[in-house]
Amino acid sequence: MIGSTQNAASQLSSTAQSSLSMIQQSVSGLDREFSNATATVESDSKNAAGQIDSLKNKVSGIRSQVTGVRDALQSVQSQLPQPLSGLDDLISRLGSQIEKLQNAENLLSDASSTVTRTGKIPSDMQSEIQSSLSQINSDMGQINTTFTTQTKPALDGLFSSLNQELDSLSGLMTSVSGLAPGLDSALGSIGDSMGYANDALDQTGKVMDDAIGKIDQFINELNNARDGEKIKKLVELVTRDPDVIASFMKEPVTIETESLYPIKNYGSGMAPFYSTLAIWVGALVNVAILKVHVKDPARFGGLTP
């Protein structure tokens with residue numbers, strides 16, 4: 001297993017560099033291929049659309065390759081005992097490159113549909129695709145340079161250290177192989193003891209966390225009570241004159257009654273209301289009874305309104 005690990009580690013950086021170089025060669029001619037395809041749009045739109053479709057498929061394949069390299073580097077970074085400086089930045093740049101390739105793929109698909117439908121391609125669409133492919137080529141070159149000059153040497157150094165550690169581990173495993181049966185029994189007993197100790201420590205930790213929370217709450221309540229303005233006022237009042245406090249607690253409210261308009265009895269007090277009510281009822285009844293029209297006008301001829 002140690003030997004396989006050493007071989008895989010030594011091959012990883014070389015494989016990644018080879019893959020990035022191949023991808024760089026593939027993207028270097030994308031803008032030129034697109035120019036050749038658009039040059040024949042007016043004379044042979046069907047053939048031009050086919051060339052653009054083929055270019056779109058090529059971009060899709062390049063995107064898959066970049067994704068594979070990105071995923072491999074992510075896997076390595078996640079399994080390293082300490083993240084490698086600069087590798088996260090390279091992974092992020094590869095992710096951005098994947099998005100640009102996807103965008104270029106979508107633009108080429110739209111261009112192919114436009115050529116098939118109209119027999120031509122708008123100049124703004126052509127410029128956008130050309131710019132996108134050129135940018136992909138430029139970015140891929142920078143990524144390849146960064147990996148070759150920075151990331152690969154760091155990986156090689158890391159894997160060299162790893163190989164040394166693995167060699168030491170291999171020798172150690174050979175030395176202790178004869179002690180394995182006794183060591184296995186001892187480690188089993190220690191494992192059981194550590195399991196019991198771990199459970200006890202977990203329970204102790206929970207009790208201590210609960211006690212700490214309660215103590216903190218109690219301290220906060222004491223501090224709030226000590227610094228509270230109401231407590232200070234209460235202490236000041238109690239210590240100033242205890243007799244006054246006792247009297248207040250016994251009878252906190254004194255009621256005094258003052259008559260503004262005194263009356264002798266209930267009837268006298270209600271007389272104004274009922275007098276007015278009687279007048280109003282009488283007026284209402286009179287309105288209902290009295291007639292404003294003459295019932296027999298013939299008997300009173302000649303009367304004016």
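Author: Helices (DSSP runs of H or I, at least four residues) and strands (runs of E, at least two) are numbered from the N terminus. This is a predicted model, in which local features need pLDDT of at least 70 and side-chain atom pairs pLDDT 80 or more, while totals for chains, interfaces and linings use all residues. Residues are numbered from 1 along each chain as its sequence is written, and side-chain values use heavy atoms, without hydrogens and water.

Reader: What percentage of the residues in the protein is buried?
Author: A residue is buried under 20% relative accessible area, exposed over 50% and partly exposed in between (1.4 Å probe, protein chains only). The protein has 305 residues, and the buried share of them is 22%.

Reader: What share of contacts with a separation of 6 or more joins residues 24 or more positions apart?
Author: Contact means heavy atoms within 4.5 Å. Take the contacts with a separation of 6 or more; residues 24 or more positions apart account for 76%.

Reader: What is the volume of the largest pocket?
Author: A pocket is an open set of points on a 1 Å grid where a 1.4 Å probe fits, with protein on both sides within 12 Å along at least five of seven lines. Its volume is the space filled by probe spheres set on the points. For the largest pocket, that is about 260 Å³.

Reader: Which residues are closest to its centre?
Author: Lining residues have an atom within 4 Å of a point. The largest pocket has 11 of them, and the closest to its centre are Val76, Gln79, Leu80, Phe159 and Leu162.

Reader: Which helix gives the largest share of the lining of the largest pocket?
Author: α3 (45-79) and α5 (123-176) each supply at least two residues of this lining. The largest share is five residues, from α5.

Reader: Is threonine 38 buried or exposed?
Author: Threonine 38 sits in helix α2 (residues 30-39). Beyond its neighbours within four places in sequence, threonine 38 is in contact with Ile121 and Gln126. Its relative accessible area is 12%, so threonine 38 is buried.

Reader: Which residue's backbone oxygen does the side chain of threonine 38 reach?
Author: This is a polar contact: N or O atoms within 3.5 Å, one able to donate a hydrogen and the other to accept it, where residues adjacent in sequence count only through side-chain atoms on both sides. The distance from the side chain of threonine 38 is 3.0 Å, and the backbone oxygen belongs to serine 35.

Reader: Which side chain makes a polar contact with aspartate 139 at 2.3 Å?
Author: Aspartate 139 lies in helix α5 and is buried, at 11% relative accessible area. The polar contact at 2.3 Å is with the side chain of lysine 100.

Reader: How far apart are the C-alpha atoms of proline 122 and alanine 111?
Author: Proline 122 lies in the loop between α4 (87-118) and α5. At 33% relative accessibility, proline 122 is partly exposed. Alanine 111 is 11 residues away along the chain, and the C-alpha separation is 8.7 Å.

Reader: How far apart in space are glutamine 142 and arginine 93?
Author: Glutamine 142 belongs to helix α5. With a relative accessible area of 43%, glutamine 142 is partly exposed. Arginine 93 is 49 residues away in sequence, yet C-alpha to C-alpha the gap is 9.7 Å.
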